[in-house]
Amino acid sequence: EKFYTAFKKEIDAGNSVVCITVSSGISGTYQSACVAKDMLGSGTQIDVLDSKACGITLGIAAIKAARLAKQGLSHEVIAAETKTRLGKMHTLVLLDRLDFLAMGGRINDIVAKAAGLLNIKPVISFNAKGEIVVVHKAIGFKKGMQWLKDQAVRYGKDFSNSILGFAYGENTIKAEELLAAIRGVINVGEVIIARIGCVIGTYTGVSGVGLFFEEA
């Protein structure tokens with residue numbers, strides 16, 4: 001109902017809509033938005049895009065799309081460029097604790113306890129289906145931070161003209177440390193630092209740090 005109301009308001013005002021949703025692999029939001037679009041009929045200019053991710057990834061894509069709209073680009077161009085951008089986004093979250101993953105059913109208690117004893121810090125991301133998966137296992141949080149920095153350098157290359165996002169749990173210290181480490185080796189322009197949202201927070205708890213960027 002909320003999607004329908006929001007979409008209809010824009011369509012009635014003579015606008016078109018590009019809607020970016022949380023990954024369909026972890027939420028029914030995308031499907032709900034598609035239902036609302038269908039209810040308004042095929043003659044409306046509405047594109048619903050599945051981010052296959054969550055968090056600041058959506059924010060970066062939305063900011064970029066809004067800037068394209070201000071430049072006067074067509075709905076079709078904005079939707080196409082946003083879809084392409086979403087396919088190039090990296091969503092990486094380094095976990096400090098695994099008990100929340102265990103409580104969420106992603107791993108069993110024995111694995112969580114063993115990882116804790118071995119000081120293993122996993123990095124979670126999204127696969128092609130938009131499902132949360134572990135993409136790296138670091139021995140210690142410090143090495144995990146180093147791995148995140150290396151990913152930004154390897155795939156982002158230069159952030160002078162793009163947006164680099166960081167998410168934090170309990171406080172901003174870890175996010176700021178990661179930003180400083182990246183700034184030490186490559187150019188960084190616009191930055192977003194925000195608290196970890198409820199979706200990722202289900203897996204991270206109050207600890208952890210997230211990194212979000214578009215691949216060059």
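This is a predicted model: local features need pLDDT of at least 70, side-chain atom pairs count only at pLDDT 80 or more; totals for chains, interfaces and linings use all residues.
Residues are numbered from 1 along each chain as its sequence is written, and side-chain values use heavy atoms, with hydrogens and water left out.

Is Ser 162 buried or exposed? Ser 162 has 14% relative accessibility and therefore counts as buried, since buried means under 20% relative accessible area, exposed means over 50%, and partly exposed is in between, computed with a 1.4 Å probe on protein chains only. If we leave aside residues up to four places away in sequence, Ser 162 touches Lys 64 and Glu 190, and contact here means heavy atoms within 4.5 Å.

Now to the strand around it. Eight of the ten residues of strand 6 are buried, so strand 6 is largely enclosed by the rest of the structure. Strand 6 and strand 7 run parallel and are joined by seven bridges, and two strands are said to pair if DSSP finds at least two bridges between them. One of the residues involved is Ile 163, whose bridge partner in strand 7 is Glu 190.

That brings us to the whole sheet, an open one of six strands in the order 5-4-3-8-6-7, with mixed pairing. Strand 5 (132–139) and strand 7 (188–195) stand at the edges with a single partner strand each, so one side of each has no neighbour in the sheet. From one strand to the next, the twist averages 20°; axes are lines fitted to C-alpha atoms, for helices over the stretch in contact, and angles run from 0 to 180 degrees between N-to-C directions. Strand 4 and strand 5 pair in the antiparallel sense, over seven bridges, and Ile 120 has Ile 139 of strand 5 as its bridge partner.

Which strands does helix 3 lie across? Helix 3, residues 56–70, lies across strands 3, 6, 7 and 8, and runs at about 145° to strand 6. Helix 4, for its part, lies across strand 3 and strand 8, running at about 35° to strand 3.

In strand 8 we find Leu 211, which is buried, with a relative accessible area of 0%. Not counting residues up to four places away in sequence, Leu 211 touches several residues, including His 90, Leu 148, Leu 164 and Phe 166.

Finally, the largest pocket, which has a volume of about 400 Å³. A pocket is an open set of points on a 1 Å grid over the protein atoms alone, where a 1.4 Å probe fits, with protein on both sides within 12 Å along at least five of seven lines, and lining residues have an atom within 4 Å of a point. The volume is the space filled by probe spheres set on the points, which are joined across faces, edges and corners. Of the 21 residues that line this pocket, the closest to its centre are Asp 50, Ser 51, Lys 52, Leu 86 and Gly 87. Helix 4 gives the largest share of the lining, five residues.

Terms used: Helices (H or I, at least four residues) and strands (E, at least two) are DSSP runs, numbered from the N terminus.
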